Amino acid sequence: MCGIIGYTGPLQARDIILLGLSQLEYRGYDSAGLALLTDEGNLYLRKTVGQVSRLKELCREAVSSHCGIGHTRWAKHGGVTEANAHPHQVGRVILLHNGIIENYHTIQKQYGFEGLATSETDTEVAAQLINYYYDRTNDPRQAIRRALNIIEGSFAFCILFSDIPGTIFAVRNVSPMVAAATEQGSFIASDVTALIPYTKTYFVVPEYHILMLRDRSICLEDPEGNTVEPELLSVSWDVEAAQKNGYPHFMLKEIFEQPEAFRKTVQPRLRDGIPCFEAEKIPDSLLSGCRQVQIIACGTAMYAGMVGRAILEQKVRIPVTVSIASEFRYDTPMIDSDTLVIVISQSGETIDTLAALRLARECGAPIISIVNVKGSSIARESDYVIYTHAGPEIAVASTKAYMVQLAVLYLLTGRMMVARRLTSEEEIRAFTEHLVASADSIQEMLDVIPDQVRIQAERIAFSENAFFIGRGLDYAFSLEGALKLKEISYIHAEAYAAGELKHGTIALIEKDVPVIALATQDKVFSKTISNVREVRARDAYVILITKKGASVSDEVCDVHLEVPVEDGFFAAFPCAVILQLLAYYTAYARGYDMDKPRNLAKSVTVE
Ligand code: M6R
């Protein structure tokens, strides 16, 4: 939520900031702004409602500056207006923010800032407060520290002082922020995507540490004012990975990257044909000793968890609960040191997931996280991390990250079967073979299915509602299919356990309502087909997805799509491709920008 970039160094700050903002735009895109300290000693501040392209238009005049900060906003406090766009200037302080200042109202009252604000944001209060202390101390670090003693909430601040040219100050709590000092200058950003054109080495700004960026150097101070060395990390992907490379949208590109992401995630975790987490140092005793599994995540990651539950319960015979992180964090969880907690997050920064993880830790549960972004908060706070190797996921709608989260959950299931001695060597090798072959089934889908799916997408594109139904594992796949469709095409979509439909929801089925029915599970195949007949009898438009070769009579559905798997247990992977493409082409047919769906942002770092 909200993209931040700051630069100080020998290059032109404006160009770097505008480029960085377009790379970070997936974090928020309702308004944008930048502040430059010019070489003449002036402040150049421009803000606009709308996307970064509009900010670029606004910043055309000649200006030379080597130090500045920029922001792309996802509105939280206050509507989408130019006044509410960041950065905010109060006195000598120019500040931008990602997060939420929870006690902003109290601060306003206590310090008499009410009536002085020029925006409706909580952010402006932080600028007022720092300016208040700066006026009294003339010391930027003291001013920031004193403000930090008062501000409650989550924040990543980048701050310029108009009388301190060439220096950017930054500090954060919870909200992410990374930085790097390079030969081309010093950079700060809300995520590493914006740093990649300049460096692959960076560090995560530690919470409550004050960072000062100057031309090609940085200084990091802990909360007591001691200078500390940052812990350097490196990224393994390069600049092309975060570009569209000829695809019309990031989402489509990321769908097509799935076979590679899958292989990169699975292959390093196989030893002699058996899933293995030696590199992650996950002991078998942890996997064999737990009495239950608690999965925690949000959105798509949570739906990956639903598949995780189905496969773990089926193969490992262990009770698994899947919790929505935003619920879990305020529950009274029934977990302890015998519960294995699996936290799933692409970004590793989702605030609810992070808070839920912290609560799980307090309960004494060991935590394995499945995370895509290296060095992210969730990764750092877990006992064990299994990194998915999807590379940067830019499209707001998660696709390849979901695919590799599933892959890791299958690997974990396989390893748990081994650790708990529930499988023979022959069986686990067969399991692994099927899993490895899933990369091919994903590829086969990508080779043959797009045109068929596009035709179906055009057929359903102007429906108001859609239903996804399935039983068992198919129901778990349906959940993600429905989320994908609604978040980018804005069609109301619901996933239903097929057998549950006639307990109420079937009342919504009428002529031509699209029903996407998944029937890849042998055990419940005929039962699901009966449910399909029920909606078909009410004139629904049925797109049926089955395993290849399944016997389906013509009158059951309008369209029959097949996935190339023998064992329905591994149908998750090719089914995901169909459901993702269906959402993509539907949004396309409706003329929406699926990379930037309305009201959404990639990484949800506020509650
Ligand atoms: O970064 P995370 O995996 O923790 O994000 C969780 C959800 O916010 C995310 O999956 C969201 O549901 C996406 N919009 C799904 O496409």
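**A tour of the cysteines and a parallel sheet**

The model on display is a predicted one.

Next, select Cys 290 together with Cys 363. The closest cysteine sulfur to that of Cys 290 belongs to Cys 363, at 16 Å, and this too is too far for a bond. Cys 290 is likewise counted as buried, at 5% relative accessibility. A disulfide is a covalent bond joining the sulfur atoms of two cysteines. The structure contains zero disulfides, and the cut-off for counting one is a pair of cysteine sulfur atoms within 2.5 Å.

Now turn to a sheet. Five strands form an open sheet in the order β24-β23-β25-β26-β27, and their pairing is parallel. At its edges, select β24 (492-497) and β27 (559-563), each of which pairs on one side only. From one strand to the next, the twist averages 20 degrees.

Within this sheet, select residues 465-470, strand β23, and residues 514-519, strand β25; these strands run parallel and are joined by three bridges. Ile 469 may then be picked out, for it stands opposite Ala 517 in β25.

Finally, select residues 450-460, which form helix α15. Helix α15 packs on the sheet and touches β25, β26 (541-547) and β27. Viewed against β26, the direction of helix α15 makes an angle of about 155 degrees with that of the strand.

Terms used: Residues are numbered from 1 along each chain as its sequence is written. This is a predicted model: local features need pLDDT of at least 70, side-chain atom pairs count only at pLDDT 80 or more; totals for chains, interfaces and linings use all residues. Side-chain values use heavy atoms; hydrogens and water are left out. Buried means under 20% relative accessible area, exposed over 50%, partly exposed in between (1.4 Å probe, protein chains only). Two strands pair if DSSP finds at least two bridges between them. Helices (H or I, at least four residues) and strands (E, at least two) are DSSP runs, numbered from the N terminus. Axes are lines fitted to C-alpha atoms, for helices over the stretch in contact, and angles run from 0 to 180 degrees between N-to-C directions. Contact means heavy atoms within 4.5 Å.
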